[in-house]
Amino acid sequence: MKSLVIVESPTKTKTISKYLPKGYVVDSSMGHIRDLPSSAKEIPAKLKKEPWATLGINADNRYEAIYVVPAGKKKIVTRLKQLLKDADELILATDEDREGEAISWHLVELLKPKVPVKRMVFREITEEAIREALNNVREIDMNLVFAQETRRIIDRLAGYTISPLLWKKISPGLSAGRVQSVAVEFLVTREKERMKFRSGTYYDLKAKLSKEKEKQTFEAQLSHLNGTRLASGKDFDENTGKLKKPDSVVLLDAPKASALRDQLEKADWSVTDVDVKIQKRSPAPAFITSTLQQEANRKFGFSARDTMSIAQKLYENGLITYMRTDSATLSGQAIQAARNEVEKQYGKEYLFDRVRNYGKSKGAQEAHEAIRPAGSEFIHPEASRLSGRELKLYDLIWKRTIATQMAEAELEFTNVTLTATEGETRADFKTSGKKILFPGFFRAYVEGSDDPEAALENQEQFLPPMTKGDTASLHELESISHETKPPARYTEATLVRELEKRGVGRPSTYASIISTIQDRGYALSDGKTLIPTFTAFAVTDLLGEHFPHLIDSEFTSSLEDRLDQIAQGTFDPVKYLDDYYKGEEGLRARVEEREDKIDPQKAKVLQLPIEGLNGTQVHVGRYGPYLKSEENGEEIRTSLPEGLHPGELTLEKIRKLLKAEQEGPSSLGNHPETGEPILLLNGRYGPYVQLGEATEENKKPKRASLLKGMNPEDVDLDTAVSLLTLPRTLGMHPDTGKEVKAGVGRFGPFVVHDGSFTSLRKEDNVLEVGLERALELMSLKKSGGGSRGSSAIQDLGSHPETDQPVKVMSGRYGPYLKYGKKNISLPKGADPESYTMREAVILIESKEKK
């Protein structure tokens with residue numbers, strides 16, 4: 001008997017083939033085999049004239065969908081059909097979740113098998129799991145298929161109904177989505193909170209003390225003055241920068257803090273209270289999709305997309321269980337494996353005295369176990385033969401899993417109050433100590449924190465033994481200034497946590513949500529945080545005013561709950577879609593009713609919380625954001641510099657930009673050689689100097705951008721003349737007799753010789769660098785091999801997965817990555833000098849997928 005087994009990926013094909021008996025042929029569908037049409041040319045000819053064809057869904061016929069096979073998948077379908085001809089049965093072994101179930105259903109619909117069809121599911125790719133799955137095949141679960149199809153349809157209805165409206169009212173190419181728009185709203189709301197924020201300043205005192213006649217010192221912070229609590233950050237109103245309840249706290253300014261410090265330097269110090277508590281800490285549950293994404297972002301800086309890509313490889317290679325899961329539960333087999341590993345690695349005293357397990361999260365889907373190492377015996381990270389990012393993630397999963405079965409950590413916390421008394425002044429200082437009495441699970445794993453300043457659980461803080469009545473000696477007393485901080489921007493980890501908390505989307509979709517909002521230009525990443533763009537503000541403002549339910553997290557969460565009910569077979573998918581799309585309150589009617597009432601000119605005006613604008617408006621336009629104002633009946637417009645984010649826009653910056661536009665080009669004087677005026681102007685890409693006016697005869701006069709860090713106010717005639725000399729000749733190369741020049745390019749200042757570019761270092765000034773320094777930099781630069789005219793900008797080292805060398809190169813057509821024998825152009829706008837290995841790995845992966 002011959003069986004055809006179909007999985008989603010080639011890697012999974014190789015791994016599963018090792019565990020199947022003879023007579024089984026395994027092949028891959030390479031992901032989804034068909035989908036809704038992505039463009040008009042994919043719509044079948046017989047349906048093109050239907051009014052709903054562009055949507056791809058007939059909402060008036062139970063939401064019948066047009067499914068098409070993309071051009072890139074047609075050869076795969078042909079191959080699978082050919083293999084099926086020789087098979088006696090078809091086994092569908094796609095992932096055990098809604099997406100996997102839908103892929104299996106689409107395969108049956110396309111291949112139309114005339115042999116028995118079986119659905120085989122497993123949560124890990126081990127010999128034992130595959131054997132068990134073969135013995136427990138089932139039919140396709142149509143409820144899971146309906147849930148996936150309904151999600152796909154509702155996302156298409158939302159996107160194809162709202163997006164065209166955004167094109168008309170704001171800008172072509174924009175998109176909206178059922179979940180992505182809520183995620184963008186989170187970012188925009190947080191940024192507005194930051195813009196409204198007004199900082200408050202307060203002072204306190206920090207003392208360096210010791211017990212009398214002892215050497216060990218410790219620090220203590222002023223907490224109360226004459227019985228009244230000292231003001232701290234939590235006492236300030238975020239919108240005014242003033243105290244919420246000024247009568248209930250003591251606020252120290254610089255003079256008061258300084259005077260108090262001088263007074264307390266003469267005070268008597270003693271211990272007035274000691275409080276010791278013993279506390280226990282329990283380990284966190286094993287990973288689910290969202291917590292894995294959050295922790296990998298905190299500890300390694302991995303994006304959600306990176307984490308899921310790496311986890312997919314680990315799963316397909318048989319090292320971990322399925323990585324899309326909402327359940328923190330561990331199977332009996334996994335618990336026993338973890339307990340065996342604890343005893344083996346750390347000894348019996350570190351084993352929890354009973355089995356510890358955790359339940360499912362809200363809305364947990366169909367993959368019923370946490371992410372853990374695969375099998376009945378966990379492979380130790382050091383024996384896994386992994387390297388780079390895969391080793392990091394596997395090690396994280398391994399440690400978190402075995403920690404669930406380890407003993408609790410036992411900690412001793414000591415809180416001490418020391419009082420300084422001078423005359424009628426009594427000042428209370430607090431200090432805390434932490435001692436780990438028994439590390440327990442800390443030996444294996446300590447959870448990360450979203451607060452970079454927070455101390456981790458396993459960090460000890462030692463205090464000398466103290467009892468009430470002990471006297472203390474003051475070594476140093478300093479006044480410390482503090483400013484309250486605005487709410488932090490979302491990182492990928494904190495955004496995932498917020499989406500999960502609000503029930504928006506599901507953990508298996510978070511990576512794609514975060515990728516989508518960046519790919520569509522609604523958010524930028526500065527490497528750590530997600531920054532909403534001006535476009536994000538415009539779209540969120542429009543949706544908030546006219547379609548508030550689309551960015552309402554509670555509404556979106558209720559839709560997710562309904563999808564869970566469809567997956568369980570307890571809710572009708574057609575009724576779900578009708579409720580969302582049809583009727584007086586449905587999306588279609590709301591868009592039709594509101595479309596004519598939305599003024600495109602008003603929709604392009606951003607509602608920014610900046611006080612004092614007095615009629616000045618910030619617009620989004622076809623060529624980027626710009627300011628619009630009126631002065632003495634005359635309209636003034638000026639572009640906002642590229643790279644300026646909404647949260648960085650202040651009234652002062654707005655006034656400067658408008659003033660510069662109103663005054664026109666500022667003349668710095670005449671060029672000493674040509675006599676032409678040198679003008680200081682401001683453009684879309686920031687301030688620049690220009691030699692002479694633009695005329696019919698000279699449409700493109702010589703221009704030079706200001707260097708990074710230069711303020712327009714500081715640019716004088718000499719500086720402008722120097723900028724306009726770039727690229728400037730430094731001299732002749734002693735070996736070749738050819739010119740060496742210094743200049744500024746798209747990626748910063750450089751020196752160039754014979755077509756070979758070398759970036760200047762941060763300490764070098766392109767206007768002052770000489771020939772000797774240029775020759776030194778060029779000699780220090782490592783050769784990158786490659787073609788003539790190429791040079792290495794930086795050597796990133798070996799690729800974490802393949803060990804092949806990765807270098808950032810300067811070439812004739814711009815900077816590129818040299819990866820082994822491959823050359824890959826850097827993305828537009830990327831800085832080759834600060835390009836990281838993480839960015840390189842993502843770029844290489846994306847090129848290899850293509």
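Buried means under 20% relative accessible area, exposed means over 50%, and partly exposed lies in between, with a 1.4 Å probe and protein chains only. This is a predicted model, where local features need pLDDT of at least 70, side-chain atom pairs count only at pLDDT 80 or more, and totals for chains, interfaces and linings use all residues. Residues are numbered from 1 along each chain as its sequence is written, and side-chain values use heavy atoms, leaving out hydrogens and water.

View 1. Helices (H or I, at least four residues) and strands (E, at least two) are DSSP runs, numbered from the N terminus. The C-alpha trace spans about 90 × 90 × 70 Å along its principal axes. Of the 850 residues, 50% count as buried. A contact means heavy atoms within 4.5 Å. Among contacts with a separation of 6 or more, 66% join residues 24 or more positions apart.

**View 2. Leucine 4 sits in strand E1, residues 3-7.** Its relative accessible area is 1%, so leucine 4 is buried. Which residues does leucine 4 touch, not counting those up to four places away in sequence? They are Val25, Leu80, Leu83, Leu84, Ala87, Glu89, Leu90 and Ile91. Lysine 85 is 81 residues away along the chain, yet the C-alpha atoms of leucine 4 and lysine 85 are separated by 9.6 Å.

**View 3. Arginine 372 lies in the loop between helix H10 (332-346) and H11.** Is arginine 372 buried or exposed? Arginine 372 is buried, because its relative accessible area is 0%. Its side chain makes a polar contact with the side chain of glutamate 124, at 3.2 Å. A polar contact is a pair of N or O atoms within 3.5 Å; within protein, one must be able to donate a hydrogen and the other to accept it, and residues adjacent in sequence count only if both atoms are side-chain atoms. Arginine 372 also touches residues including Leu319, Phe378, Ile397 and Thr401.

**View 4. Helix H11 covers residues 388-403.** The expected span of a helix is 1.5 Å times one less than its number of residues. Buried residues of H11 include Leu393, Leu396, Ile397, Trp398 and Arg400. An α-helix has 3.6 residues a turn, so residues three or four places apart point the same way.

**View 5. Helix H13 covers residues 507-519.** Its 13 residues should span 18 Å, and its end C-alpha atoms are 19 Å apart, which agrees. Among its buried residues are Tyr510, Ile513, Ile514 and Ile517. Glycine 521 follows H13 and has a positive phi, near 80 degrees.

**View 6. Lysine 213 and arginine 385 each have a positive phi.** Most residues other than glycine have a negative phi, and most peptide bonds are trans. For lysine 213, phi is about 70 degrees. Lysine 213 lies in the loop between strand E7 (201-211) and strand E8 (217-225). Its relative accessible area is 83%, so lysine 213 is exposed. For arginine 385, phi is near 65 degrees. Arginine 385 is found in the loop between H10 and H11. With a relative accessible area of 84%, arginine 385 is exposed.

**View 7. A cis peptide bond joins leucine 726 and proline 727.** Its omega is about -5 degrees. Proline 727 belongs to the loop between helix H20 (717-724) and strand E23 (728-732).
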